[in-house]
Amino acid sequence: MLASNPVKPNSMFNGVFTAIRDWMRRRRMIRDYRRRLDACDQNEIARIAQDVGLSSSELREMAELGPDAAKLMLERMAVLHLDANALAKREPSTMRDMQRLCSTCASKKRCQLDLMLVPNDPAWRQYCPNADTLDAVQSEAASVR
């Protein structure tokens, strides 16, 4: 009789599988956002865009990027000990502008790497389109304390 030899999952395989599954899930979600937006007429799109403080083309661009497009900004805010929810309530237009800039930033890979390896290194200020705003919000938060 052969001894049972359960196959133990390889952690590297699981990591790759998880990454692919997450990517597919994000792509599916983005397709759904695009489909919903395409179902709207131009007037409705213009109204939605105005409600969130964007142009119609910016709204379409944001829908293409998906819901996690500004995730790195939230991570940077956490490193800086800034409360994103409080800022969104206090200054929604500032938060929207920061999200839009982060979502369309060309330095996402570098930012992600910096946040992972050296989150407190001020080098991020050289490439982050939100650096000045984050500094201002941090100064404002410090003066309130």
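User: How do I read a salt bridge here, and which side chain meets that of Arg-21 in one?

Analyst: Side chains of opposite charge can pair when their charged atoms come close. Here the side chain of Arg-21 meets that of Asp-22 in a salt bridge, 3.7 Å from N to O. The term needs a Lys or Arg side-chain nitrogen within 4 Å of an Asp or Glu carboxyl oxygen. The model is predicted: local features need pLDDT of at least 70, side-chain atom pairs need 80 or more, and totals for chains, interfaces and linings use all residues. Numbering starts from 1 along each chain as its sequence is written, and side-chain values use heavy atoms, without hydrogens or water.

User: Which other residue forms a salt bridge with Asp-22?

Analyst: Arg-25 does, and its closest N and O atoms with Asp-22 are 3.7 Å apart. Asp-22 and Arg-25 sit 3 residues apart in helix H1 (residues 11-38), so about one helical turn separates them. A helix is a DSSP run of H or I, at least four residues long, numbered from the N terminus. Arg-21, Asp-22 and Arg-25 are linked in a network of salt bridges.

User: Next, the cores. Which residues touch the most other members of the largest nonpolar core?

Analyst: In soluble globular proteins, nonpolar side chains tend to be buried together. The largest core here has 19 residues, and Met-77, Trp-124 and Leu-134 touch the most other members. H4, helix H5 (84-90), H6, H7 and helix H8 (131-144) each give two or more residues to this core. Such a core joins buried Ala, Val, Leu, Ile, Met, Phe, Trp, Tyr and Cys residues through side-chain atoms within 4.5 Å. A second, separate core of 7 residues includes Cys-40, Ala-49, Leu-54 and Leu-59.

User: What does Met-77 contact beyond four places in sequence?

Analyst: Met-77 is in contact (heavy atoms within 4.5 Å) with Leu-82, Asp-83, Ala-84, Leu-87, Met-95, Met-98 and Leu-134.

User: And open space: what volume does the largest pocket have?

Analyst: The largest pocket holds about 530 Å³. On a 1 Å grid over protein atoms alone, a pocket is an open set with protein on both sides within 12 Å along at least five of seven lines; a cavity is a set of points where a 1.4 Å probe fits but cannot get out; lining residues have an atom within 4 Å of a point. The volume is the space filled by probe spheres set on the points, which are joined across faces, edges and corners. Of the 17 lining residues, Arg-26, Leu-65, Asp-68, Ala-69 and Lys-108 lie nearest the centre of the largest pocket. H1 gives the most to this lining, with 5 residues.

User: Which residues lie closest to the centre of the second largest pocket?

Analyst: That pocket has a volume of about 400 Å³. Leu-54, Leu-59, Met-62, Gly-66 and Gln-99 are closest to its centre, out of 21 lining residues. H6 supplies the largest share, 4 residues. Gln-99 has its place in helix H6 (residues 92-103) and is partly exposed at 30%.

User: How many cavities of 30 Å³ or more does the structure hold?

Analyst: The structure holds 1. About 110 Å³ of space lies in the largest cavity. Leu-72, Cys-102, Cys-111, Cys-128 and Pro-129 are closest to its centre, among 13 lining residues. Helix H4 (71-79) and helix H7 (108-117) each supply at least two residues of this lining, and H4 gives the largest share, 3 residues.

How values were computed. Buried means under 20% relative accessible area, exposed over 50%, partly exposed in between (1.4 Å probe, protein chains only).
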